[in-house]
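Subject: Structure handover and notes

Hello,

Here is the structure for your files. My notes on what turned up in it follow below.

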Amino acid sequence: MLLEIFCDKFMENDQVRPAVKFHKGLNVVLGNKLGANSIGKSTFLLAIDFAFGGDDYIFKAADIWRNVGNHTVFFVFEFKNHKYYFSRSTQNFQKVNECDENYTNIKELSIEEYKQWLGAQYQIT
């Protein structure tokens, strides 16, 4: 299960947002009370897809990372009460870094290796 996702380019009122934390069950991405558009809901969903190994964040939202610049998305999964930390950069998006709890890189995985690992985790939980 995805527990949290963070990027220093996720902003709210010109401030870096804290890590977005998820819980078991339904998690909802909501806009503000005015129902405003263009506030990042779809981009955030693309960032979640990026954490799961997708590449739409790169190819379908290219204007975003082009305007924001290269950046890294950090995320945590939990399987069988064990947390796994990763990072993935828009600059080197064909690789995923396995990290320690401080997001220090331990091991670089190809996107294929990462997807296989992730798929295996979901099959055994």
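Which residues does Arg 88 touch, not counting residues up to four places away in sequence? In this predicted model, they are Phe 50, Gly 53, Gly 54, His 71, Thr 72, Val 73, Phe 75, Phe 93, Lys 95, Val 96 and Ile 111.

Arg 88 sits in strand β6, which spans residues 82-89. With a relative accessible area of 1%, Arg 88 is buried, the cut-off for that being under 20%. Two backbone oxygens are reached by the Arg 88 side chain: that of Phe 50 at 2.7 Å and that of Phe 93 at 2.8 Å. The C-alpha atom of Arg 88 is also 7.4 Å from that of Ala 51, although the two residues are 37 apart along the chain.

Phe 50 and Ala 51 bring in helix α1 (residues 41-51), where the buried residues are Phe 44, Ala 47, Ile 48, Phe 50 and Ala 51. These residues cover an arc of only 155° around the axis, so they are on the same side of α1. Just after α1 comes Gly 53, with a positive phi of about 100°; Gly 53 is also one of the residues that Arg 88 touches.

Next, the aromatic rings. The structure holds 20 aromatic pairs. One of them is Phe 75 with Phe 86, a stacked pair with 6.0 Å centre to centre and 20° between the planes. Because Phe 75 lies in strand β5 (residues 72-79) and Phe 86 in strand β6, this pair ties together parts that are eleven residues apart in sequence. Both Phe 75 and Phe 86 are buried.

A second example is Phe 79 with Tyr 122, which is edge-to-face at 5.0 Å centre to centre and 85° between the planes. Phe 79 belongs to strand β5 and Tyr 122 to helix α4 (residues 111-124), so here the parts tied together are 43 residues apart in sequence. Phe 79 is buried, with a relative accessible area of 3%, whereas Tyr 122 is partly exposed at 38%.

Which aromatic cluster do these residues belong to? Phe 75, Phe 79, Phe 86 and Tyr 122 form one cluster together with Phe 52, Phe 77, Tyr 84, Tyr 114 and Trp 117.

Regards

How values were computed
Residues are numbered from 1 along each chain as its sequence is written. This is a predicted model: local features need pLDDT of at least 70, side-chain atom pairs count only at pLDDT 80 or more; totals for chains, interfaces and linings use all residues. Side-chain values use heavy atoms; hydrogens and water are left out. Helices (H or I, at least four residues) and strands (E, at least two) are DSSP runs, numbered from the N terminus. Buried means under 20% relative accessible area, exposed over 50%, partly exposed in between (1.4 Å probe, protein chains only). Contact means heavy atoms within 4.5 Å. A polar contact is a pair of N or O atoms within 3.5 Å; within protein, one must be able to donate a hydrogen and the other to accept it, and residues adjacent in sequence count only if both atoms are side-chain atoms. The arc is that of the directions from the helix axis to the C-beta atoms. Rings of Phe, Tyr and Trp (its six-membered ring) pair if their centres lie within 6.5 Å; planes under 30 degrees apart count as stacked, over 60 as edge-to-face and the rest as tilted.
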